[in-house]
Amino acid sequence: MSPQRVSRVQVLVVMLGLIVLQFYLRPRLGNARVSPDFLLIALMLFAMRSGPGAGAVAGFLVGLIEDALTPARFGAGALAHTLVGYFAAWGRSVFFADNALVNAAFVAAGLWFRDLIVLVISGSEHPQLLTELTIYSPLQALTTAGFALLILITFRSWFSIRLDA
Amino acid sequence: MSSISDRRYTRRDTALFVLCLGLSIVGLFSPLSWTYGLADTLRRTALAPLVWLQTRAEEGRTSRMRFRRVTAQRDSAAYLAQFLPSLRAENERLRQLLKLSRRLSTGYVSAEVLHQPHATDGRTLLLSAGARQGVAPFNPVVAPEGLIGVVLSVSPQSSVAMSWAHPEFRVSAFTVGGNALGVVAPSAEGRNAEGLLELRGVPYRDSVPLGTLVLSSGLGGVFPKGIPVGTVTGTLREEAGWERVYRLRPAANPGSAAHVLILVSTRSFDLASAFPSDSQLEAMRLDSIARAERAESLAQAARAARAARRDSIQRTSPMLGGAPAVATPPRDSAQ
């Protein structure tokens with residue numbers, strides 16, 4: 001097996017691990033609105049290492065999963081994650097460096113942007129929008145970015161590839 | 001050559017992006033029945049292993065919490081048992097009083113709430129019980145504190161409930177004194193409005209005091225009568241002298257609920273007695289203590305009576321060394 005292929009398999013293993021963590025570990029962590037969003041980490045890490053089209057498709061699939069599990073406004077999650085996946089891939093290819101901290105900050109920004117879109121499309125009222133965007137989303141962005149940083153540091157060599165190369 | 005390849009690559013990316021956006025927008029504007037059907041199908045097929053995994057995790061977490069609570073209760077009861085047996089018994093009685101499931105006179109299905117890390121989590125809740133457990137659309141969902149919401153859609157192993165925080169949620173309600181009837185809806189006013197409800201449509205002449213408990217009225221045929229919805233915390237607004245809108249503090253919080261009960265076949269029941277208020281609980285506690293004291297004094301009296309009878313038998317039985325019960329005539333009078 002070529003080294004490139006091995007790296008891809010390794011990245012996929014981490015993605016699968018994140019999916020398992022999302023559904024098995026996160027419910028045990030307490031408050032769902034503050035605990036890390038492992039699916040979003042998987043999406044961002046994948047999108048930042050692939051092309052914008054693949055990022056958009058991955059975002060759409062992640063959004064579809066979230067819409068199926070929380071159908072408050074079906075399609076809102078798919079739309080938000082598609083945009084996040086696309087812009088993560090596009091932004092990474094244009095101006096982001098291979099720095100773990102920058103990557104983690106990008107994950108936090110992606111989560112906040114995702115919440116903004118979901119809340120606006122779901123027709124949230126002003127006070128709730130403000131509370132979510134100024135309290136819960138930044139807190140969740142912090143925990144998610146922290147965990148993303150941990151993953152990037154732990155699997156530094158595995159994530160030093162471009163999946164679309 | 002490479003520029004042509006890059007352009008094709010970019011076009012493909014753009015096409016995929018536009019396709020995903022288009023599908024998302026189609027999902028957004030599709031009829032609710034389609035989207036709920038699609039979500040149900042996804043949960044039943046592709047997402048079934050993930051839902052199963054999360055259900056096990058939630059069960060594990062709640063079981064651990066319940067185990068800790070029971071252990072703590074057992075430890076404190078054991079501690080009290082060393083010194084105060086009557087308090088331990090009272091603790092047990094109160095614990096039984098607080099068990100909502102035993103108080104409910106109707107059928108119910110218990111379910112874990114599978115919370116999602118979404119900004120809209122709390123408006124709709126994914127529950128770990130479905131059609132196989134007897135859940136059907138429009139079944140009310142309650143927590144021990146009060147109303148959580150209503151089941152929207154059901155798949156064999158899971159269901160989706162609309163909580164009271166959903167913008168489209170409505171429940172017909174009345175005040176516990178019965179002097180005001182209205183419709184409760186999520187409030188969009190005030191700070192942190194996600195956590196508040198409002199009681200609308202109360203006639204201007206009917207004033208509701210602060211702290212009044214608001215219960216579901218049973219009108220509409222979805223929610224049974226008597227489920228606590230919230231407590232009045234103030235007046236939100238007055239509509240030109242003909243209607244008052246009151247602010248309510250919700251009885252139960254869907255965002256933090258980990259375990260709920262889904263009521264099945266409840267339409268004709270009055271559930272008010274299943275949700276006693278704090279004052280009612282206090283009254284029940286005092287009543288329970290009074291009954292225990294009465295029983296204890298009766299038992300004491302019975303014990304005293306038994307002892308007196310035993311003593312009397314001992315005194316009057318010759319075989320036991322006592323004097324005979326029949327009185328003998330005095331010797332002087334016989335002579």
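How many bridges join S2(B) to strand S5 (residues 159-163) of chain B? I looked and found four, with the two strands running antiparallel. For my notes, strands are DSSP runs of E of at least two residues and helices are runs of H or I of at least four, numbered from the N terminus; two strands pair if DSSP finds at least two bridges between them.

**Ground rules.** I am working on a predicted model, in which local features need pLDDT of at least 70, side-chain atom pairs count only at pLDDT 80 or more, and totals for chains, interfaces and linings use all residues. Residues are numbered from 1 along each chain as its sequence is written, while chains are lettered from A and ligands numbered from 1 in the order in which they are written.

**Strand S2 of chain B.** I noted B:Met162 in S5(B) as the bridge partner of B:Thr124. S2(B) also pairs with strand S1 (residues 107-114) of chain B, antiparallel over two bridges, and there B:Leu114 stands opposite B:Leu126. Next I checked the faces of S2(B), residues 124-127: B:Thr124 and B:Leu126 on one side, and B:Leu125 and B:Leu127 on the other, are all buried. Buried asks for 20 or more other C-beta atoms within 10 Å of the residue's own, exposed for 12 or fewer, and partly exposed lies in between, with C-beta atoms placed from the backbone. A handy reminder: side chains in a regular strand alternate between the two faces of the sheet.

**Helix H6 of chain A.** The 29 residues of H6(A) should span 42 Å at 1.5 Å a residue, and the end C-alpha atoms are 40 Å apart, which agrees; the expected span is 1.5 Å times one less than the number of residues. H6(A) does have a kink of about 35°, centred on A:Glu132, the bend being the angle between axes fitted to the seven residues ending there and the seven starting there. A:Glu132 is also one of the buried residues of H6(A).

**Between the chains.** The contact takes 46 residues from chain A and 44 from chain B, contact meaning C-beta atoms, placed from the backbone, within 7 Å. On the chain A side, H3(A) gives the most, with eleven residues.

Note on methods: Contact = placed C-beta atoms within 7 Å.
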